[in-house]
Amino acid sequence: MLEQLQTSIPKQHFVTWFSNSGILNYDNGVLEVGVPSDFIREWICKQYMTKITEIAHAIFPELSEVKISVHESLTHPESIHAISFQEL
C-alpha cells in the first residue's frame with residue numbers, strides 16, 4: 001500500500017503526512033489508519049482520503065470504510081503495535 005501511495009504524491013508530502021502513520025486494524029471491511037495528531041488527520045482526510053480509499057480497495061476488495069483515527073503514541077511508533085504502510 002505504501003508504494004502505491006508514495007508514487008502517487010510528491011515525496012516530501014509523503015514524508016510529512018505519512019511517516020508516523022500506520023494501519024491499526026482491518027475488520028469486517030473497515031480499515032483503521034492511525035495518525036499522531038488531529039491536524040494530520042484533518043489534512044489527510046481533506047487531501048488524501050480518496051487516494052487512500054482507492055489504494056486500500058485494490059488491496060481489500062471487500063473494503064467498505066476507511067477511518068482515520070488519532071493515536072498520539074504514533075509520534076513514537078515503536079510504542080504502539082501498528083502495521084506500517086510499508087508492511088502492506
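Modeller: In this predicted model, a residue is called buried when its relative accessible area is under 20%, exposed when that area is over 50%, and partly exposed in between.

Biologist: What makes Tyr26 partly exposed?

Modeller: The relative accessible area of Tyr26 is 24%, and since buried requires a value under 20% and exposed one over 50%, Tyr26 is therefore partly exposed.

Biologist: Why does Phe60 count as buried?

Modeller: Phe60 has a relative accessibility of 15%, and because the limit for buried is under 20%, Phe60 falls into that class.

Biologist: Why is the pair of Phe14 and Phe18 called stacked?

Modeller: Ring centres within 6.5 Å make a pair, and planes under 30 degrees apart make that pair stacked; Phe14 and Phe18 are 5.7 Å apart centre to centre, with 25 degrees between the planes, so they qualify as a stacked pair. Both residues are buried, and both lie in helix α2, four residues apart, about one turn of the helix.

Biologist: What makes the pair of Tyr26 and Phe60 stacked?

Modeller: Their ring centres are 4.1 Å apart and their planes stand at 20 degrees, so this pair is stacked as well. The pair links distant parts of the chain, with Tyr26 in strand β1 and Phe60 in the loop between α4 and β3, 34 residues apart.

Biologist: Why is Ser21 called buried?

Modeller: Ser21 has a relative accessible area of 8%, and because buried means under 20%, the term applies to Ser21. This residue sits in the loop between α2 and β1, and its side chain reaches the backbone oxygen of Trp17 at 3.4 Å. Ser21 is also one of the residues touched by Ile44, along with others including Phe18, Val35 and Ile52.

Biologist: How do you know that the buried residues of helix α4 are on the same side?

Modeller: The buried residues of α4 are Met49, Ile52, Ile55 and Ala56. They cover an arc of only 135 degrees around the axis, which puts them on the same side of α4. The face turned away from that buried side carries the exposed residues Thr50 and Ala58, while the buried residues pack against α1, α2, β2, α3 and β3.

Biologist: Which residues have the most contacts inside the largest nonpolar core?

Modeller: That core has 22 residues, and those with the most contacts inside it are Phe18, Leu31, Ile44, Ile52 and Val66. Its largest share, four residues, comes from α4.

Methods. Residues are numbered from 1 along each chain as its sequence is written. This is a predicted model: local features need pLDDT of at least 70, side-chain atom pairs count only at pLDDT 80 or more; totals for chains, interfaces and linings use all residues. Side-chain values use heavy atoms; hydrogens and water are left out. Buried means under 20% relative accessible area, exposed over 50%, partly exposed in between (1.4 Å probe, protein chains only). Helices (H or I, at least four residues) and strands (E, at least two) are DSSP runs, numbered from the N terminus. The arc is that of the directions from the helix axis to the C-beta atoms. Contact means heavy atoms within 4.5 Å. A nonpolar core is a set of buried Ala, Val, Leu, Ile, Met, Phe, Trp, Tyr and Cys residues joined through side-chain atoms within 4.5 Å. A polar contact is a pair of N or O atoms within 3.5 Å; within protein, one must be able to donate a hydrogen and the other to accept it, and residues adjacent in sequence count only if both atoms are side-chain atoms. Rings of Phe, Tyr and Trp (its six-membered ring) pair if their centres lie within 6.5 Å; planes under 30 degrees apart count as stacked, over 60 as edge-to-face and the rest as tilted. Lists of a residue's contacts leave out its neighbours within four places in sequence.
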